[in-house]
Amino acid sequence: MVNPILIIGITLGSAFLIGIVQAFRPRWTGWIFYPTLVFDFLASAVNLYGFLSGSIGKPIMVKIGGFPPPVGINLLVGKAEAALGTLIFAVALLGAYHWGRRGFPQPQGKIMVLFLLLALGAAGISFTGDFFNLFVFVEITSIASYGLVASSRREEALEAAFKYMVVGSISSTFILLGVVFLYKATGSLNMLDIGGKIAGGFSSQVLGLISLLILAGLLVELEVFPINGWALDIYQGADPVVVALLAGAAVKAFYLVYLKTASYLALPSFFKLSLIFGGGTYLVSQFFAWRQENARRLLGYSSVGQLGLLILAGGLLLSPSLPASSRAMVLAAVVLLILNHSFSKSSLFLLADNVKGEKLEDWKGVLSSSPVFRFSFTTSVFSVAGLPPFPGFWAKLLLVMAAARFSPWLVALILAGALAEVVYYFRFFYLVSLGDKKAEVGNNLLAPLVASLFLVGAVPLAYKMAADKLSLTLPGGVLVLLGLSLLVYLLGFSRLLQWLASLGLVAYGAYLLLPFLKADLSGFFLGLILAGAAVLLLATYPGAKNLSSSFYPAYLVVVFSMAGLVLSTTWFSLFVFWEIMSWASFLLINMGRGKKAAWIYAVLSAAGAYAMLGGISLLPSPYISSVKSPGPWLALLLSLGFLVKMATVPLHIWARDAYGESPDDFTPLLSGIMSKMGVFGSALVFLYVVINLSSRSSFNYLLGWAGVLTAFFMTLLAVFQEDLKKLLAYSSVAQVGYILLGLALFTPLGWTAALYHTVNHFFFKGLLFVAAAGIVYRVGTSYLPHMGGLIRRMPLTFFASLLAVIALAGVPPLSGFAGKWLLYTALIEKGWIFIAVVAFLASTLAFLYSFKILHAVFLGQLQEENCEVREVPIPVAVVEIILLIPLVVLGAFPRLILDPITRVLGKVTALGIPDLKYTKTLGVVSRLGHWNALFLMVFFAGAFILALIFFALTSARVKLVGQMDVGYSGEVPRSPEDLHFGYGMYDHFRRAVKWLIYPLATRVWRGIYEALGAVAEMGRRIYTGDTNTYAAYVIGISLLILLIFKG
Amino acid sequence: MWAKILYAFLTLIGGIAYGLLLGGISRKITARMQNRRGPTVWQNFIDLWKLFRKKTAISHGVMFYLAPMFRLVGGAGTFLLVPVVVGSPYLSNFSFGGDLIVLMYFMVLGCLGMALGAAESGHPHAPIGVTRGLSQMAGYELPFILSVIVLMVADKTATLEGIVRAQQGGILHWHLFTHPFAAAAAFISLLGMMTSYPFQVVLAPQEIAVGPPTEYSSTFLSYMFSGRSVFAVAKYLLFMNLFLGGASNLLWAFVKTFAIFLWPLFITNVFPRLRLEQSVLFFWTWPTFLGLVDLLRIYLVR
Amino acid sequence: MAFFVSSILLILIGLYAVLVKRNIMKIVIGLSLMDTGVNLLIISLGFIRGRTAPIINTRDLLVNTSSKVVDPLPQALVLTAIVIGVAVTAVALSIVMLMYSKKKTLEIDEYKELKW
């Protein structure tokens, strides 16, 4: 145990000493400065360790001057204070190191004194057990801050410092008045003493007003809306290191003392006050940041918002009606939020220090500047936005679960703020990852790196805390696999090694998860994931490709989080893996060409996931089991996330570009397997929630329409798409629409169709996307009009694509037809005939783009620039062959999949097995009709071969001519370009359906975004920048607090 | 089993011949309506033989080479999936192979193969014709699907045998009369299927030189030709089974298919041509509306 | 009571300057006035009529001290507060000096670069 007075005393002494040394030997000041901070940090850490290990049992009470409390001043350091002290000095050390490397402003010694005083004041605020002492420390902190903010001597910094000073003086006046009145009313200044008196029944008419005066003063320092204009100015104008220290450390001390004061003074209205101001600040700030163009001010809005969330959590803690279990959750959440915010925001501000210019514009291209910058920035943004696996994510989870006991509206508020945060942070992320040229970035990156490593290091702790409080268990094997996946990053020096390691890891994963491969819904999807990932991974053979070093780790994380997802037994676990999958896939999509697409994907994913979390918080039990009498809202909330992943209309707007512009090696996984996680999730919702819905049939019917309209519109858009991968993207989304339709039918046959199509869609769309990756790799473009005639150069890929397209179009005798046949049979049996009509029409439209794929890529005229193109690389070719085998085999023997599905459905008692019989002559017999797959295959193949033989025997001498040798009205065409019909192939049809392809959804979503942005921009105008106005806000809001909450 | 295949094969030969003959008749009738003498009704046989006996054939690649086989097998396959006389051991073809849904998708196979072969020819007119054909298909499929679904729901079966059985017991049990609106929709879409005027822009002999098969000649074309003929007969048979109560013997089959064959023929010679978007929109309005009337009726009665 | 009223008045005057005056120096003066007002207020809270200062400078104060002197604590607090007030004013004035050296003006309207 280290006596906390030593921390205060030594720091204060060092500050004096530095002042003296500065006068004689300015260079030596550092020899005092750094050791002092290191000592402070170590001393606090030792105490914290003591508390955590239990060797220090009760809070350390330090009597100053030998007077016992309540007469003398005392320090009171418990677990929370020790932790906060450690945090403050950790951040201070990082900031000091960073500043030192860049060079302190002159005179160095004086800046160091202010720096030490700021850290000391912040620590003192949290350590003190005496109200007047608190005031003194607040003042020390404030004065040091004014000086530090002004230290850069930039105009903006001075302006910010002045505003802070005016507002800060008013706030400390409040605190001082409050403290003195408190003494007058209670006769004591000791916190414990006063707390004890009040808890013991002491009451006074003015006590409420007095406490509010203190709290109002603290609320100013806590930057609540709308009295936080000065804080935003500091974030924008001051030196980033100072800001890191203020936001990362000092403010947290104010937060702690706010909580302590509020609980000692124990006014019943405190919790409402905190909820209102915290919630309001949180929501408003996250929202105001939307269109902020200044990077530092944007981070400022985020900081203010995070503080708001903390105050809101504090309100929950102060609430008398919160059950003890929820209180523990909120406490854990507060700890994690503080940790998360301190380190991520320090890291971000110290990174900002390395970027020239403050506008978002100036940040373009910084991500490609250095891997350290990329790592720190990504980690910090992920943490601060509350994404897995970082502490902020678990904090959000805990807070939402606790808030759910309180009011669903509070949950909605928290999640809405979190969504707004994702919107602007990932807009930031998108702008930052833009730019082809490397931006010039400073190399002072160690401190931000350390801060972000802290965040990474805190992950197990955060997970453990959340898991304890939520009694959350994640499948251990999957966690091991996820950890190993991240280790693949360390092989970043060689892509080939990473590829081999990934293959090995997937094999190991399959071995590890083998016991879960049972004939049930999870096992079914697990099999698809593991087998599918292994095959698709094979095709990502790096070769000479320009893959990012984080490609394989992220790829593996997506794969294993999907495995975890389908093995989940609780909604929590499902949500956690869902988020991990979403954000890992976001990173992968962001590695591609479509940065903006990745942003939109991020926003919609987050919206869906938060809706899901909201739904989960309303569930009576976290276990995935039948929910009794759910409301339709619950079902909708739980489904939204899944619908987004399936890109169901009108949530489809992300899909085209996210698929089309993601790395070519990732798209097969995204389309073939990841989109099926939406299917899996929806299946769970149908099975466990919708099933008990009183309005079940209309809910299902509605989703059925959503599915079929997705199929219809996406097919229609695919017809007019001129980019190969985007065309396949639309097609993929359309096919998933059919699957949703099958699920929505909620009949055994409908589910058979859906599950069959799930597997089969993986085969043919995986094949097509793998082939597309190979083609893009060879041809260098995904733009269809630049291709054509490639059958001559890539015969194997053509053949594979041909079979895949036949399967895609659902034409017998290949495997695709089974899905169609089952689906239509199921639709007509159920009597959804209008949907059946649309589904039929959509599948007819699919013929249009099926032809387009084959023609525009492989047929027609080979362009001159493609004359030297070679067949796809061998691994891709191998995967093509592997994937086309099932297309043929299933075409003849659909029972290879239908029988396992029947077994799976046998486990699903709510549904039962489909009414299908199998006979020798008629093949599969439904109640409606029959279909003999084997016969069709044999008949077609036999007849085809017979016809071919007959033709070869009887036909005339066949003469093969060159590609330009066509009947062209007697003219000789000059170049293949003139003869190729590869652009605007369906323009005539487009004229007919122009009214159907108006981008309504995109326009509406963009309109909503723009409108909200405009409102945010208007709202921000309340921060006029005028000092008098800010002072007036402070006075006005404080009076309001006094008037409203005095009771 | 082998007997069945033999019968089916004989029927197929008959089907091809019948298709060629119908083609000749149509040329004759058209000529007469235009005050020409016209070729003999056997002209298509003569043409086929001529093409088949050509000494050389130009090929543009593998897919081009295989496409005629696709076309012929696709056409023949479609034909063989439709029973000529339901219940007859000789004339029910391979209708055990699948129901109506199977048939409707199998029909596409031959067209798809031909389209791909044509596209490989490298002649721009071929893909132009193909895309027109596919777009037109998107047009006429809607009313056709509507009426087919009406029948499937009404008869609670998706098999052609079942649909034919449901129409037994007199002419008034034909779906043509029990579901007149659906039948009207289907017969209008038949015009699109047969690519006859006013929906003839797909082939447009003058402008894109019959579109898809424009580069085909000699033996290749003979295969295409026979495939097309038998495919047409398959469609007539399908319509006969769907709406005209099927056939109880071969004679009836001839009479009914001939009647169906005449319907587009009469339209084709008195109408001008529509642009593609016009035909698509036409199919998606009036015939669709007709189909919806019966679909709604079924939906409400159920 | 006079102390009480006058201290409140001082605070209000200071506040008025902070809220209304557009000159930076006047705002700083307003802050100082507020500070002084608060200090006076604290002293007046501890004042008990008829008692002497809590400084033991005569012998008779040694017995029954607590009933003869005013509450010493507010005075101690004020001492600290005065010191802090001086420090704040010093920092404020140096910031104002720097501001003036940059822009050569003390109009607060000229210092509205940071907003929204």
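Predicted model: local features only at pLDDT ≥ 70, side-chain atom pairs only at ≥ 80, totals over all residues.
The contact between chains A and B takes 61 residues from chain A and 65 residues from chain B. On the side of chain B that touches chain A, two or more residues come from each of strand E1 (56–59), helix H3 (62–81), helix H4 (100–120), helix H5 (125–155), helix H10 (218–243), helix H12 (276–283) and helix H13 (286–301) of chain B. Among these elements, H5(B) gives the most, with 16 residues. Classified by residue type, this side of chain B holds 40 nonpolar, 16 polar and nine charged residues.

The contact between chains C and A involves 32 residues of chain C and 38 residues of chain A. Helix H1 (2–20), helix H2 (24–46) and helix H4 (72–103) of chain C each supply at least two residues of the side that touches chain A. H4(C) gives the most to this side of chain C, with 15 residues. The residues on this side of chain C comprise 26 nonpolar, one polar and five charged.

Within chain A, the packing of two helices was examined. Two packed helices are described by the angle between their axes and the distance between the axes. Helix H18 (residues 476–487) and helix H19 (residues 495–512) of chain A pack at an angle of about 175°, and their axes are 10 Å apart. Angles over 145 degrees count as roughly antiparallel, and H18(A) and H19(A) are therefore roughly antiparallel to each other. In this contact, Gly477(A), Leu481(A), Leu484(A) and Ser485(A) of H18(A) meet Leu505(A), Gly509(A) and Leu512(A) of H19(A). The residues in the contact of H18(A) with H19(A) divide into four nonpolar and three polar, with no charged residues.

Helix H3 of chain A, residues 79–102, contains 24 residues and should span 34 Å at 1.5 Å a residue; the C-alpha atoms at its ends are 35 Å apart, which agrees with that expectation. H3(A) is mostly covered, as 17 of its 24 residues are buried. Just after H3(A), Gly103(A) takes a positive phi of about 105°. A cis peptide bond joins Gln106(A) and Pro107(A), with omega about -10°. Pro107(A) is found in the loop between H3 and helix H4 (108–127) of chain A.

Further backbone features were found in other loops. Most residues other than glycine have a negative phi, and most peptide bonds are trans. A cis peptide bond joins Val649(A) and Pro650(A), for which omega is about 0°. Pro650(A) is placed in the loop between helix H24 (632–646) and helix H25 (655–661) of chain A.

Positive phi values also occur in residues other than glycine. Arg153(A) has a phi near 60° and is placed in the loop between helix H5 (131–150) and helix H6 (155–186) of chain A. Because 15 C-beta neighbours lie inside 10 Å, Arg153(A) counts as partly exposed. In chain B, Thr195(B) has a positive phi near 45°. Thr195(B) is located in the loop between helix H8 (180–193) and helix H9 (205–208) of chain B. A residue is buried if 20 or more other C-beta atoms lie within 10 Å of its own; Thr195(B), with 21 other C-beta atoms within 10 Å, is therefore buried.

A glycine of chain B was also examined. Gly14(B) is found in helix H1 (residues 2–33) of chain B. With 16 C-beta neighbours inside 10 Å, Gly14(B) counts as partly exposed. Gly14(B) and Val230(B) are 216 residues apart along the chain, and their C-alpha atoms are separated by 9.1 Å.

Conventions. Residues numbered from 1 in each chain as written. Chains lettered and ligands numbered in written order. Contact = placed C-beta atoms within 7 Å. Helix = DSSP H or I, 4+ residues; strand = E, 2+ residues; numbered from the N terminus. Nonpolar A, V, L, I, M, F, W, Y, C, P; charged D, E, K, R; others polar. Axes fitted to C-alpha atoms, helices over the stretch in contact; angles between N-to-C directions. Parallel < 35°, antiparallel > 145°, perpendicular 65-115°, else oblique. Expected span 1.5 Å × (residues − 1). Buried ≥ 20, exposed ≤ 12 C-beta atoms within 10 Å, placed from the backbone.
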